[in-house]
Amino acid sequence: MARPSSFDLASELAKRSFTPGQRDAPGLVDLVVAGVEPAAARAAPALAALRDGGRSAIATRLASADEAATARLIAVLGLLARNGDAEAAEIVIARMKDSASRVRRAAAIALGKTGGPAA
């Protein structure tokens, strides 16, 4: 079913009855990248709940994201890693060597919250 042209993902995330689907992954990534609260805070766990689809959308966007957006996306990958996503954990671990200190810090915080072998 097609969504109406007036559909606003940020507004829908504020509704308790809305559950984002795989088709929402790119839009959720856009909300995290924009960093505008409260939409970004709501988008992060929704994106993590999409599992492979969320990780794939994030990985696609990481190549073109600026430092601040990359740090926010790494935090979301940390949520995925906490839920057992080994590929997300690998991406976060790789970002520990990023040239940007903000990204390294986000990766360290994400790994610290992950626990287990990844940490």
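The dialogue below goes through features of a predicted model.

Biologist: Where should I start with empty space in a model?

Modeller: Rolling a probe the size of a water molecule over the atoms shows where empty space is left. Here the largest pocket holds about 220 Å³ of space.

Biologist: Which elements give two or more residues to the lining of the largest pocket?

Modeller: They are α5 (67-82) and α7 (101-114). The lining includes Ala-71, Arg-72, Ala-75, Gly-78, Leu-79 and Arg-82. Also among the lining residues are Arg-102, Arg-105, Ala-106, Ile-109, Ala-110 and Lys-113.

Biologist: How many residues of each class does that lining have?

Modeller: Six are nonpolar, five are charged and one is polar.

Biologist: What is the second place?

Modeller: Arg-51, which is not a glycine, has a positive phi, near 55°. Arg-51 follows α3 and is found in the loop between α3 and α4.

Biologist: Is Arg-51 buried or exposed?

Modeller: Arg-51 counts as exposed, since its relative accessibility is 53% and the cut-off for exposed is over 50%.

Biologist: On to charges. How many salt bridges does the structure hold?

Modeller: Seven. With each one, check the distance, then where the partners sit in the chain. In one of the seven, Asp-24 pairs with Arg-3, and the closest N and O atoms are 2.3 Å apart. This pair links distant parts of the chain, 21 residues apart: Arg-3 is in the segment before α1, and Asp-24 is in the loop between α1 (9-13) and α2 (25-34).

Biologist: How accessible are Asp-24 and Arg-3?

Modeller: Asp-24 is buried, at 4% relative accessible area. Arg-3 is partly exposed, at 28%.

Biologist: How do I read a salt bridge inside a helix?

Modeller: An α-helix has 3.6 residues a turn, so residues three or four places apart point the same way. Asp-52 and Arg-55 are such a case: both are in helix α4 (residues 52-62), three residues and about one helical turn apart. Their closest N and O atoms are 2.5 Å apart. Arg-55 counts as buried, at 10% relative accessibility.

Biologist: What other salt bridge does Arg-55 form?

Modeller: Arg-55 also pairs with Glu-87, with 3.2 Å between the closest N and O atoms. Because Arg-55 is in helix α4 and Glu-87 is in helix α6 (residues 86-94), this pair ties together parts 32 residues apart in sequence. Glu-87 is partly exposed, at 47% relative accessibility.

Biologist: Which residues do shared partners join into one network?

Modeller: Asp-52, Arg-55, Asp-85 and Glu-87.

Biologist: Last, the aromatic rings. How many aromatic pairs are there, and which rings are involved?

Modeller: There is one aromatic pair, formed by Phe-7 and Phe-18. For a ring pair, read the distance between centres and the angle between planes. The centres are 6.0 Å apart and the planes are at 50°, so the pair is tilted. Phe-7 is in the segment before α1 and Phe-18 is in the loop between α1 and α2, so the pair links distant parts of the chain, eleven residues apart.

Biologist: Which of these counts as buried, and which as partly exposed?

Modeller: Phe-18 counts as buried, at 16% relative accessibility. Phe-7 counts as partly exposed, at 27%.

Methods: Residues are numbered from 1 along each chain as its sequence is written. This is a predicted model: local features need pLDDT of at least 70, side-chain atom pairs count only at pLDDT 80 or more; totals for chains, interfaces and linings use all residues. Side-chain values use heavy atoms; hydrogens and water are left out. On a 1 Å grid over the protein atoms alone, a cavity is a set of points where a 1.4 Å probe fits but cannot get out, and a pocket is an open set with protein on both sides within 12 Å along at least five of seven lines; lining residues have an atom within 4 Å of a point. Grid points are joined across faces, edges and corners, and a volume is the space filled by probe spheres set on the points. Helices (H or I, at least four residues) and strands (E, at least two) are DSSP runs, numbered from the N terminus. Ala, Val, Leu, Ile, Met, Phe, Trp, Tyr, Cys and Pro count as nonpolar, Asp, Glu, Lys and Arg as charged, and the others, Gly among them, as polar. A salt bridge is a side-chain nitrogen of Lys or Arg within 4 Å of a carboxyl oxygen of Asp or Glu. Buried means under 20% relative accessible area, exposed over 50%, partly exposed in between (1.4 Å probe, protein chains only). Rings of Phe, Tyr and Trp (its six-membered ring) pair if their centres lie within 6.5 Å; planes under 30 degrees apart count as stacked, over 60 as edge-to-face and the rest as tilted.
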